[in-house]
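Here is a friendly walk through one protein model, from its charged pairs to its core. Please keep the sequence and the 3D view open as you read.

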Amino acid sequence: MAGTAPPHTDHALPPDARAELAADAPVVTEVDRAALARDGFVRLRGVLSEATVAAVAAVVADVARRSSQRGTPLADRSVYQQAFLQEANVWQRRADVRPLVFSPRLGRVAADAVGATVVRLYHDQ
């Protein structure tokens with residue numbers, strides 16, 4: 001696959017959504033970090049606009065709709081496979097997923113939430 005660009009789809013992210021995902025702006029506060037440390041989770045409002053969330057949701061839904069796993073009857077799937085459609089490294093196959101997976105904004109949120117300077121993506125699913 002080296003040297004070839006992943007295909008575009010009819011669910012390409014709009015320019016505004018791509019720009020928002022690319023913006024590396026801090027959104028996590030000390031209060032958020034304290035809540036995460038105390039509760040093990042934190043709800044962050046305003047990380048992405050409703051329009052960007054909707055655009056990303058359409059792309060993710062399209063990935064799920066096109067998943068080859070959907071053709072396997074539930075009876076032939078493991079319990080885990082019955083609960084989840086898992087697609088790994090989608091960014092390598094779908095150009096419209098890459099801005100989400102490699103989003104500086106979401107990377108900054110993850111790093112700031114745990115008090116790190118950077119985070120490393122293991123793999124997308």
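## Salt bridges

A salt bridge here is a side-chain nitrogen of Lys or Arg within 4 Å of a carboxyl oxygen of Asp or Glu. By this rule the protein has 9 salt bridges. This is a predicted model, in which local features need pLDDT of at least 70 and side-chain atom pairs count only at pLDDT 80 or more, while totals for chains, interfaces and linings use all residues. Residues are numbered from 1 along each chain as its sequence is written, and side-chain values use heavy atoms, with hydrogens and water left out.

Let us look at some of these pairs, along with how well covered their partners are. Buried means under 20% relative accessible area, exposed means over 50%, and partly exposed lies in between (1.4 Å probe, protein chains only). The areas come from the Shrake-Rupley method with a 1.4 Å probe, and for residues only the protein chains shown count as cover. Aspartate 39 and arginine 38 meet through their side chains, with 2.9 Å from N to O. Arginine 38 is exposed at 61% relative accessible area, and aspartate 39 is partly exposed at 38%. Glutamate 87 pairs with arginine 93, and their closest N and O atoms are 2.9 Å apart. In this pair, glutamate 87 counts as buried at 16%, whereas arginine 93 is partly exposed at 35%.

Helices (H or I, at least four residues) and strands (E, at least two) are DSSP runs, numbered from the N terminus. In helix 6 (residues 104-114), arginine 108 and aspartate 112 are 4 residues apart, which means that about one helical turn separates them. An α-helix has 3.6 residues a turn, so residues three or four places apart point the same way. The two side chains form a salt bridge, with 3.5 Å between the closest N and O atoms. Arginine 108 is partly exposed, with a relative accessible area of 22%, and aspartate 112 is buried, at 13%. Elsewhere, salt bridges that share partners join Asp62, Arg65, Arg66, Arg94 and Asp96 into one network.

## The overall fold

What does the secondary structure of the protein come to? There are 6 helices and 0 strands, so the order of elements from the N terminus reads α-α-α-α-α-α. Of the 125 residues in the protein, 27% are buried. The accessible surface comes to about 8,500 Å², and carbon and sulfur atoms account for 58% of it.

Contact means heavy atoms within 4.5 Å. Among contacts between residues at least 6 apart in sequence, 70% join residues at least 24 apart.

A nonpolar core is a set of buried Ala, Val, Leu, Ile, Met, Phe, Trp, Tyr and Cys residues joined through side-chain atoms within 4.5 Å. The largest one has 14 residues, and Leu13, Leu21 and Val97 touch the most other members. Helix 1 (15-22) and helix 3 are the elements that give two or more residues to this core. Helix 3 provides the largest share, 4 residues. Leucine 13 touches Arg18, Leu21, Ala55, Val56, Val59, Asp96 and Pro99, leaving aside residues up to four places away in sequence.

Helix 3 has 17 residues and reaches 24 Å from its first C-alpha to its last, close to the expected 24 Å. That expected span is 1.5 Å times one less than the number of residues. Which residues of helix 3 are buried? They are Thr52, Ala55, Val56, Val59, Asp62 and Val63. These residues cover an arc of only 115° around the axis, so they sit on the same side of helix 3; the arc is that of the directions from the helix axis to the C-beta atoms. They pack against helix 1 and helix 5 (98-101).

## Two loop residues

Valine 47 lies in the loop between helix 2 (30-39) and helix 3 (50-66). Is valine 47 buried or exposed? At 12% relative accessibility, valine 47 counts as buried. Not counting residues up to four places away in sequence, valine 47 touches Glu20, Val27, Arg105, Leu106 and Val109. Valine 47 and leucine 106 are 59 residues apart along the chain, and 8.1 Å separates their C-alpha atoms.

Asparagine 89 is found in the loop between helix 4 (79-83) and helix 5. Although asparagine 89 is not a glycine, its phi is positive, at about 55°. Asparagine 89 counts as partly exposed, at 26% relative accessibility.
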